[in-house]
Amino acid sequence: MTSSPPEGGEEVKTDLTGKAAVVTGASRGIGQAVPIRLGRLGANVVVNYSRDASGAAATVAAIEAEGSRAIDVRADVSKPDEIEALLDTARSRFGGLDIVVANAGLDEGLGPVLDVTEAEYDRMFNVNAKGAFFTLQKAGGLVDSGGSIVYIGSSSTLRPTAGFGLYTSSKLPASFLVGVLAQEIGERGVTVNAVIPTATDGAGYFTDPKADDPLRRLVQNASPLGSRMGTVDDVADAVEFFTGKLARWISGQQLLVSGGALS
């Protein structure tokens, strides 16, 4: 990401050389695009996964192809001790912890609130709410001064939508926590922000291309910027911004990545 220099100033280019990053849920979709982008910018990355070992290995290979170091580490984000061990791995392998991207989450379980079972609730909240909460908490305590924490949220939290009750309510707690944590740890120069994507091509339901999908057409037509969906690289752009110098005075914010669509 490059900005035009102000008059008499110098061009600012994102450079994460030597930085140590952890990205949770990094085996596919947005979670894969983000660590690859961080590696391209010079960061060394701990790639977290819970089930998809082959996807995590592919992420590592792509980062190494960019000239950065990377390792994959299995950890269940619903278990706080495993999150802490994951973050400590970055400190021990790469000499610090500068960037944490809390991306891991489940995007299943759509349907009426009246149909939600206790088992479905526990599964969704264990990862999306508890997992994200403790990832942010542990990151807040372990990230180096001047570091960056980014939460990948969901635009479904911006307005009530039938069928999204379970999923959206599980994504709301961490979105709120971003603002609180930014105030509590800001004295160390650590920024805490959220990237809020809309439905994204290459992620979630849209991970596998579908030739004629009415939902895809609906999402494409929602953006006033043009008939396309947002991509995982659009989301990685926002993460790049929050982890670079241009966002050093921005914290506690939520950035909607939607192509101008309201949610």
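## Cavity, pocket, cores and helices in a predicted model

The model is a predicted one, in which local features need pLDDT of at least 70 and side-chain atom pairs count only at pLDDT 80 or more, while totals for chains, interfaces and linings use all residues. Residues are numbered from 1 along each chain as its sequence is written, and side-chain values use heavy atoms, with hydrogens and water left out.

Rolling a probe the size of a water molecule over the atoms shows where empty space is left. On a 1 Å grid over the protein atoms alone, a cavity is a set of points where a 1.4 Å probe fits but cannot get out, whereas a pocket is an open set with protein on both sides within 12 Å along at least five of seven lines; lining residues have an atom within 4 Å of a point. Grid points are joined across faces, edges and corners, and a volume is the space filled by probe spheres set on the points. The count comes to one cavity of 30 Å³ or more, and the largest cavity has a volume of about 40 Å³. Its lining consists of Thr24, Val77, Ala102, Asn103, Ala104, Gly131, Ala132, Thr135 and Tyr151, with the largest share, three residues, coming from α4.

The second largest pocket holds about 290 Å³ of space. Of the 19 residues that line this pocket, Lys19, Gly146, Ser148, Thr243 and Gly244 lie nearest its centre. Its lining has four nonpolar, nine polar and six charged residues.

What of the chain as a whole? The protein chain has seven helices and eleven strands, taken as DSSP runs numbered from the N terminus (helices: H or I, at least four residues; strands: E, at least two). Of its 263 residues, 47% are buried, where buried means under 20% relative accessible area, exposed over 50%, and partly exposed in between (1.4 Å probe, protein chains only).

A nonpolar core is a set of buried Ala, Val, Leu, Ile, Met, Phe, Trp, Tyr and Cys residues joined through side-chain atoms within 4.5 Å. The largest such core has 40 residues, and Val46, Leu87, Leu97, Leu136, Ile149, Tyr151 and Val192 touch the most other members. Among the elements giving two or more residues to this core are α3 (80-94), α4 (118-142) and α5 (165-185). A second, separate core of 31 residues includes Tyr49, Val150, Val195 and Ala236. Beyond its neighbours within four places in sequence, Val46 is in contact (heavy atoms within 4.5 Å) with residues including Ala21, Ile71, Leu86 and Phe94.

Helix α1 (residues 29-40) has twelve residues and reaches 17 Å from its first C-alpha to its last, close to the 16 Å expected at 1.5 Å a residue; the expected span is 1.5 Å times one less than the number of residues. Ten of the twelve residues of α1 are buried, among them Ile30, Arg37 and Leu38. Gly42, which follows α1, has a positive phi, near 110°. In α7 (residues 232-243), the buried residues include Val232, Glu240 and Phe242.

Val180 lies in helix α5 and counts as partly exposed because its relative accessibility is 29%. The C-alpha atoms of Val180 and Gly252 are separated by 7.4 Å, although these residues are 72 apart along the chain.

Methods: Nonpolar A, V, L, I, M, F, W, Y, C, P; charged D, E, K, R; others polar.
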